[in-house]
Amino acid sequence: MSDQRQPAIVLVSEARSDFLLDEFGRYARDYDLRTATSAAEAEAISAEVVRDGGQVALFVSESRLPDAHVLDAFSRWRVVIPTARRLIAAHWETFREDAVDLRDGLGKGKFDALLLMPRGVRDEEFHNAVTEMLSDWGSTVAAPEVAAVRIVTPHVDVLTMALRDYLDRMGLPNQTFAPDSPEGQEILAKAPGTPAYPLVEAMNQTPATATSVRGLAMMIYGRPDEITVETVVDVAIVGAGPAGLATAVYAASEGLTTVALEAEAIGGQAGTSSMIRNYLGFPRGISGMRLAQRARSQAVRFGTRFFTGWPVTELVPGKDGQPHLLRTEGGDVRARAVVIASGVDYRKLPVESLEALTGTGVHYGAAMTAAREMEGRDVYVVGGGNSAGQAAVHLARFARSVTIVIRRAGLSETMSDYLIREIEYNPRIHIEPAAEVVAGGGDGRLEWISIHHITTGEVSRHEAAGLFLLLGAEPHCEWLPAEIQRNQQGYVCTGRNVARERWVDDMPPGDLATSVPGVFAVGDVRAGSMKRVASASGEGASVVPLVHEWLAGQD
Ligand SMILES: Cc1cc2nc3c(=O)[nH]c(=O)nc-3n(C[C@H](O)[C@H](O)[C@H](O)COP(=O)(O)OP(=O)(O)OC[C@H]3O[C@@H](n4cnc5c(N)ncnc54)[C@H](O)[C@@H]3O)c2cc1C
């Protein structure tokens with residue numbers, strides 16, 4: 001049963017708390033609106049809410065408080081309740097001045113948004129930001145009020161965790177119940193025979209035991225062989241990260257019959273990013289999971305059929321204009337055009353506390369945008385390849401110091417000579433050999449890391465504003481046939497990167513076309529791609545005219 005206690009919104013202002021309460025009247029049905037006139041009072045209210053078993057969804061504070069700087073107040077409230085979203089509503093008389101003072105804190109993630117206090121009724125721009133923050137809080141923190149999927153199990157084991165992770169990534173609210181709870185009893189009564197656990201009731205269907213994530217995916221979304229082998233779809237997309245999702249939206253919206261096959265849950269790498277801050281049109285950032293869920297609904301609305309939990313195991317290119325065949329363990333799909341959008345896997349550091357700070361100080365790849373935020377700070381790069389070297393050189397333009405942490409004794413085996421020389425010449429870059437990053441943390445963003453020195457066994461703690469992980473990436477290409485040309489690192493070649501002997505009539509394939517006619521590649525899996533959400537989705541959109549052209553030629 002859902003907790004009937006409403007989550008709180010705490011409104012803090014010395015002189016205008018009544019005004020804010022009035023402005024927030026529209027949220028009174030779903031949230032417990034509380035007012036405070038100082039940082040200390042807001043802290044006491046939050047502590048009381050927590051003590052009573054409740055949650056604070058959002059702090060809204062005026063930019064100036066009588067007893068504390070607003071940023072110090074946020075950090076005190078964060079100790080009491082770390083998950084609440086934080087909004088500063090600056091009074092219009094002081095907004096310009098305050099914005100200068102607070103901009104740096106916004107960039108560093110000390111709060112989520114700086115807005116002008118509403119100037120009258122129906123300031124929908126302000127409320128849009130509030131709703132976005134509440135929705136983000138609701139989808140990432142709050143226990144769902146209504147569950148589309150209910151799981152019954154006596155203990156939350158590894159399989160149950162995997163099922164829940166899959167459901168969260170697919171945007172399906174879910175709850176777990178013990179067998180002897182009233183909900184557990186109700187679901188068990190509907191199950192045929194003697195069920196094993198975890199027992200899953202998905203979308204009001206008859207409860208059934210889930211033995212794997214794929215089994216659950218099948219219960220909800222079906223199997224690829226539901227598309228009869230005789231049916232030939234216009235375009236089949238392999239991978240539903242940003243590139244595959246964008247291809248699905250544009251292909252389906254332009255009338256092509258579209259199927260997307262995804263090995264896991266939708267979203268790809270982006271789906272694992274807690275906050276994408278540089279995607280066009282989302283000034284307050286958006287969690288990768290929510291971005292993916294929105295893109296999926298958009299694609300479904302235009303008619304794309306998604307099958308998740310089904311890795312494509314083989315692509316058999318069609319000969320002489322025949323359709324291409326994609327094999328999965330759940331059946332085959334035949335398509336006139338195939339778009340490879342299977343992305344890459346970044347190697348990760350096995351440190352959980354650092355994973356949680358991804359995007360807020362911890363970055364995979366060179367993270368060019370984040371480099372600017374490192375001005376005058378101490379940063380660390382992990383990795384000994386050329387990409388790590390290039391990232392270090394780039395970061396040293398901004399950071400006070402850049403330390404490259406490597407497990408080996410030196411860089412010579414893994415990095416090009418010219419880069420090693422450049423690094424040695426740069427007084428801001430240091431190398432920490434025979435070392436590994438083993439821990440790290442910070443208040444909402446990375447502040448420190450610990451380094452284990454392999455030869456001495458010592459562990460040292462260091463202040464760190466940025467940790468850039470360049471541990472290498474591997475494209476998901478094991479399922480591709482030899483006819484699809486790939487470069488030395490295994491990325492799929494397209495356009496002019498395809499070897500000349502494979503060109504047709506001495507003309508290179510189109511920019512996103514591979515060495516096999518009618519097979520295209522987009523996003524991170526493509527050689528030379530930019531490895532960003534925007535570029536992946538841009539390529540997804542750009543490939544569709546090429547697909548049209550190919551299909552028209554076939555007709
Ligand atoms: C932690 C993290 C944070 C990031 N933050 C940012 C950021 O803030 N801003 C930014 O611009 N970029 C960010 N990136 C990079 C960005 O996420 C990627 O560039 C982007 O996701 C690439 O999209 P893609 O669709 O090409 O590939 P992916 O996102 O890798 O998606 C590929 C999909 O294909 C599926 N797949 C693989 N093989 C198969 C198969 N055989 N059959 C079926 N499906 C298959 C995978 O399961 C996956 O879902 C981040 C990356 C990570 C890892």
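Me: Which residue in β20 does V405 stand opposite?
Reply: V405 stands opposite E432. This is a predicted model, where local features need pLDDT of at least 70 and side-chain atom pairs count only at pLDDT 80 or more, while totals for chains, interfaces and linings use all residues. Residues are numbered from 1 along each chain as its sequence is written, and side-chain values use heavy atoms, with hydrogens and water left out.

Me: How many bridges between β19 and β20?
Reply: Strand β19, residues 401–405, pairs with β20 in the parallel sense over 4 bridges. Strands are DSSP runs of E with at least two residues, helices are runs of H or I with at least four, and two strands pair if DSSP finds at least two bridges between them.

Me: What is the strand order in the sheet?
Reply: The order is β17-β24-β18-β19-β20, an open sheet of 5 strands with parallel pairing. β17 (362–364) and β20 (429–432) each have a single partner strand, so one side of each lacks a neighbour in the sheet.

Me: Which strands does α13 touch?
Reply: Helix α13 (386–395) touches β18, β19, β20 and β24, contact being heavy atoms within 4.5 Å. The direction of α13 makes about 170° with that of β18; axes are lines fitted to C-alpha atoms, for helices over the stretch in contact, and angles run from 0 to 180 degrees between N-to-C directions.

Me: Other topic. T308, buried or exposed?
Reply: T308 is buried at 1% relative accessible area; buried means under 20%, exposed over 50%, partly exposed in between, with a 1.4 Å probe and protein chains only. T308 lies in strand β12, residues 305–308.

Me: What does T308 touch?
Reply: Beyond residues up to four places away in sequence, its contacts include Y166, M170 and E262.
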